[in-house]
Amino acid sequence: MNKAVNILLEKEEIMQALEKALQNQFIDNLRNRHPNVSLDSKLRGYIGEYAFAKWMGQYEIEFESSNQMDVRSGIDIDFLYHGKDKLLQLELKTSLIPDADETIAEMMEKRDIKLIKRGNQTIEDLKGDIHVQIVFKQLRIRKDEWLKKQRINLKATLEEIYRKIAAYRYEKDTFIIAWIDKPTLIQQIKQKPEKLQKWSYGKRSFWSCNLLKEAKRPNDLVGYLKQK
């Protein structure tokens, strides 16, 4: 069984992520979402970046650089890792728990890493060498509905917004739950019947990679990168 890794963050780290999210709040509209939901989505993206870098730092793994949040690709955040003879691109996927699942364990049984399939793209065309799934222990629809009801002045002090948006929850709610490398993913996809290679949600299609049965354990990523 893949074992989720809980990344504990400090208030100062959450505040830094919140400040960055606020600076980028008006650059795009995140598919016309409610402004509170939009802010929280951006915040989660930056928190994912802080959490992943912090966790890897514990194992003396550092990254060449990281890109800014790419909202168009689902708030994926790219890291570059300089291996022995190759520069590897890592993409982070950040998600809340689907309300129907209720728990991370249930989510891992039912869901996949968020691997967006674009147009006629083949699995070989998928961007990124390694894909890492981060989950926040909060229910997606319930969280969005709660956010919409909050009266949040986005021009208030950072401390007030931190409290109003309940950003403090991310100090304990951040988990790295699985990852997959591209060669393994390609092999898995090609072994499946065509109808099982992908799945759809709304207007988007995704490549299949079950979090529990097909993705790899978080702690195995440390050894994988050190070998590279």
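Which residues of helix H6 (residues 182-190) are buried? In this predicted model, the buried residues of H6 are Lys182, Thr184, Leu185, Ile186, Gln188 and Ile189. These buried residues pack against two strands, S7 and S9 (204-207). In an α-helix, residues three or four places apart point the same way, because there are 3.6 residues a turn.

Strand S7 (residues 174-181) also takes part in an aromatic pair. Its Trp179 is paired with Tyr224 of helix H7 (residues 220-227), so the pair ties together parts that are 45 residues apart in sequence. Aromatic ring pairs are described by two quantities, the distance of the centres and the angle of the planes. For Trp179 and Tyr224, the ring centres are 5.1 Å apart and the planes stand at 55°, so the pair is tilted. Trp179 is buried, because its relative accessibility is 2%. Tyr224 has a relative accessible area of 17% and is buried, because the cut-off for that class is under 20%.

Across the whole structure, a search finds ten aromatic pairs. Ring pairs also build a cluster. Its members are Phe52, Trp55, Tyr59, Phe63, Phe79 and Tyr81.

Helix packing was examined next. Helix H1 (residues 11-23) packs with H2 at an angle of about 135°, and their axes are 8 Å apart. The two helices are therefore oblique to each other. H1 passes H2 in a right-handed crossing. On the H1 side, the contact is made by Glu13, Ile14, Gln16, Ala17, Leu18, Lys20, Ala21 and Leu22. On the H2 side, the contributors are Leu39, Lys42, Leu43, Tyr46, Ile47, Glu49, Tyr50 and Lys54. By class, the contact of H1 with H2 holds ten nonpolar residues, one polar residue and five charged residues.

Helix H2 (residues 35-57) also meets helix H4 (residues 140-149). Their axes come within 8 Å and cross at roughly 125°. H2 and H4 are therefore oblique to each other. The crossing of H2 past H4 is right-handed. H2 contributes Asn36, Val37 and Asp40 to the contact, and H4 contributes Lys143, Asp144, Leu147 and Lys148. The residues of this contact of H2 with H4 comprise two nonpolar, one polar and four charged.

Glu49 is one of the H2 residues in the contact with H1. With a relative accessibility of 11%, Glu49 counts as buried, because the limit is under 20%. Lys149 belongs to helix H4. This lysine is exposed, because its relative accessible area is 66%. Between Lys149 and Asn36, the C-alpha distance is 9.0 Å, and the sequence separation is 113 residues. Asn36 is also among the H2 residues that contact H4.

Gly119 provides a further case. It is placed in the loop between strand S5 (116-117) and strand S6 (130-139). Gly119 is exposed, because its relative accessible area is 60% and the cut-off is over 50%. The C-alpha atoms of Gly119 and Arg204 are separated by 9.3 Å, and the two residues are 85 residues apart along the chain.

Backbone angles were also considered. Most residues other than glycine have a negative phi. Glu60 has a positive phi, near 60°, and is not a glycine. Glu60 is found in the loop between H2 and strand S2 (65-66). Glu102 is exposed, because its relative accessibility is 59%.

Definitions and conventions. Residues are numbered from 1 along each chain as its sequence is written. This is a predicted model: local features need pLDDT of at least 70, side-chain atom pairs count only at pLDDT 80 or more; totals for chains, interfaces and linings use all residues. Side-chain values use heavy atoms; hydrogens and water are left out. Axes are lines fitted to C-alpha atoms, for helices over the stretch in contact, and angles run from 0 to 180 degrees between N-to-C directions. Helices (H or I, at least four residues) and strands (E, at least two) are DSSP runs, numbered from the N terminus. Angles under 35 degrees count as roughly parallel, over 145 as roughly antiparallel, 65 to 115 as roughly perpendicular and the rest as oblique. A crossing is left-handed if the near helix is turned anticlockwise from the far one by less than a right angle, and right-handed if clockwise. Contact means heavy atoms within 4.5 Å. Ala, Val, Leu, Ile, Met, Phe, Trp, Tyr, Cys and Pro count as nonpolar, Asp, Glu, Lys and Arg as charged, and the others, Gly among them, as polar. Rings of Phe, Tyr and Trp (its six-membered ring) pair if their centres lie within 6.5 Å; planes under 30 degrees apart count as stacked, over 60 as edge-to-face and the rest as tilted. Buried means under 20% relative accessible area, exposed over 50%, partly exposed in between (1.4 Å probe, protein chains only).
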